[in-house]
Amino acid sequence: MELIVVWPKREKEERLKDVLSKALAEIGVTQIIRAPDELAAAVQKADLHKKRLLFAADVGETGINLQLYAMLEILRKNAGCLQNSAAGIVVDGSSEFYTKSCGREIAGTVNDAGCWLVGRPLAEGTGSLKNYQVQAGNYHCSLYEAYVRSVTDLVRRVAKFQKPAYQHPKLVCVHSCNPGTSNTLQLWSEIKSQIEPKMQLREISLRNGTIPDCAGCSYEMCMYYSRNSSCFYGGPMVEEVYPMLEESDGLVLLCPNYNDALGANLTAFINRLTSLFRKKPFDDKCLFALIVSGYSGGDILQKQLIGGLNMNKSFILPGNFSLAETANHPGSIMDIPDIHQKAAQFAGNILSCMLGQEAEAQP
Ligand SMILES: Cc1cc2nc3c(=O)[nH]c(=O)nc-3n(C[C@H](O)[C@H](O)[C@H](O)COP(=O)(O)O)c2cc1C
């Protein structure tokens with residue numbers, strides 16, 4: 001499929017220009033949107049539905065590209081403006097910082113606008129390009145050539161991306177919530193009741209039994225365990241979670257906000273997926289998340305999940321992959337106005353994504 005490139009202008013963007021010209025050489029590009037008013041016009045005409053998109057941004061030394069933020073504002077103001085499209089992201093910088101955080105910011109915004117993200121959707125170039133040391137070693141090429149290779153690979157994957165349509169979808173829900181008090185679990189039980197009749201759903205609580213965090217074994221040691229679908233520590237991760245996940249087509253995580261981050265068990269769960277990921281990337285599985293905060297910060301967890309599971313572990317991110325709500329006192333989640341409608345919408349989105357139907361725009 002042909003690509004539309006959304007690429008906010010910035011002075012001194014020579015490196016990004018060169019990388020994109022090489023990576024896009026063999027791809028049909030129908031439009032390059034370079035200014036916020038061009039993006040606003042395309043959004044108004046609903047021209048960005050069902051498209052393949054590449055978001056590219058040079059964020060310089062400071063990580064600030066004002067044209068990029070003007071574009072993100074347009075996308076945030078127009079719910080559903082990227083409905084049923086799929087995207088990849090290229091962020092180029094001239095310091096060692098900000099490329100990943102800007103990439104996440106773009107990813108969260110386009111996903112909220114209804115856009116899918118391919119697994120591993122971000123190709124970033126830090127100032128030194130040291131982030132390509134491993135790939136350059138593997139491919140016996142320069143850091144710059146490894147960067148071009150990575151962007152070229154991303155562009156190809158976006159152009160040929162097809163949404164999955166699972167025959168008999170299997171979904172796994174993983175959580176570590178307290179069944180007696182958790183708002184997150186209470187909201188999930190309403191969502192679950194609408195999903196369960198239509199697809200196979202299995203649920204696993206990591207609450208009973210400690211999940212030791214990843215031991216950080218050597219690559220060779222990790223590969224050794226990986227070949228046997230195992231991991232240094234063994235236990236419930238290896239005995240229950242790995243087999244369930246290997247069989248599944250999608251993962252739903254229930255994420256109470258603990259100090260503006262995922263709780264320790266869920267963080268350990270994500271880290272411990274490394275061994276299974278080395279055996280086979282999760283790029284044929286979809287990720288969904290239900291996030292509940294007592295005060296604020298749901299978008300921070302959303303980006304933590306995008307970074308850990310979509311960017312690093314290659315899960316596909318369906319449009320509007322997460323529902324984030326705020327509730328403090330136990331049970332108060334069901335007092336949120338329109339909560340039943342929101343739950344039904346989220347359940348409907350999971351069903352349509354897993355069954356290969358077109359998702360409706362989320363408000
Ligand atoms: C250890 C801990 C840390 C928390 N940190 C935050 C926080 O940083 N921000 C916030 O909005 N809520 C925070 N909360 C509140 C929970 O997000 C809140 O209780 C919410 O309802 C989801 O949790 P639950 O599903 O366990 O009920 C925290 C709760 C606990 C127990």
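Reply: The answer below begins with the domains and then turns to the helices and the ligand.

This is a predicted model, in which local features need pLDDT of at least 70 and side-chain atom pairs count only at pLDDT 80 or more, while totals for chains, interfaces and linings use all residues. Residues are numbered from 1 along each chain as its sequence is written.

The protein is assigned domain 1 (3–159) and domain 2 (170–354), with bounds taken from an automatic or database domain assignment. Their C-alpha centres are 27 Å apart. To the contact between them, domain 1 gives 16 residues and domain 2 gives 18 residues; two residues are in contact if their C-beta atoms, placed from the backbone, lie within 7 Å. On the side of domain 1 that touches domain 2, two or more residues each come from α4 (99–112) and β5 (116–125). Here helices (H or I, at least four residues) and strands (E, at least two) are DSSP runs, numbered from the N terminus. The largest share of this side, seven residues, belongs to β5. By class, the side of domain 1 that touches domain 2 has seven nonpolar, six polar and three charged residues (Ala, Val, Leu, Ile, Met, Phe, Trp, Tyr, Cys and Pro count as nonpolar, Asp, Glu, Lys and Arg as charged, and the others, Gly among them, as polar).

Helix α4 also packs with helix α12 (residues 298–312): their axes come within 10 Å and cross at roughly 110° (axes are lines fitted to C-alpha atoms, for helices over the stretch in contact, and angles run from 0 to 180 degrees between N-to-C directions). The angle therefore makes α4 roughly perpendicular to α12 (under 35 degrees counts as roughly parallel, over 145 as roughly antiparallel, 65 to 115 as roughly perpendicular and the rest as oblique). R104, A107 and G108 of α4 meet D299, Q302, K303, I306 and G307 of α12. This contact of α4 with α12 includes three charged residues, along with two nonpolar and three polar ones.

Another pair is helix α7 (residues 183–195) and helix α13 (residues 339–354), whose axes lie 9 Å apart at an angle of about 45°. That angle makes α7 oblique to α13. The crossing of α7 past α13 is right-handed (a crossing is left-handed if the near helix is turned anticlockwise from the far one by less than a right angle, and right-handed if clockwise). From α7 the contact takes L187, E190, I191, Q194 and I195, and from α13 it takes A343, A344, F346, A347, I350 and L351. Its residues divide into nine nonpolar, one polar and one charged.

The ligand provides a further view of α7. Of the 19 residues around the ligand, T184, P256, S293, G294 and Y295 come nearest (a residue is near a molecule or strand if its C-beta atom, placed from the backbone, lies within 6 Å of it). The elements giving two or more residues to this shell are α7 and β9 (286–293). The shell around the ligand holds 12 polar, six nonpolar and one charged residues.
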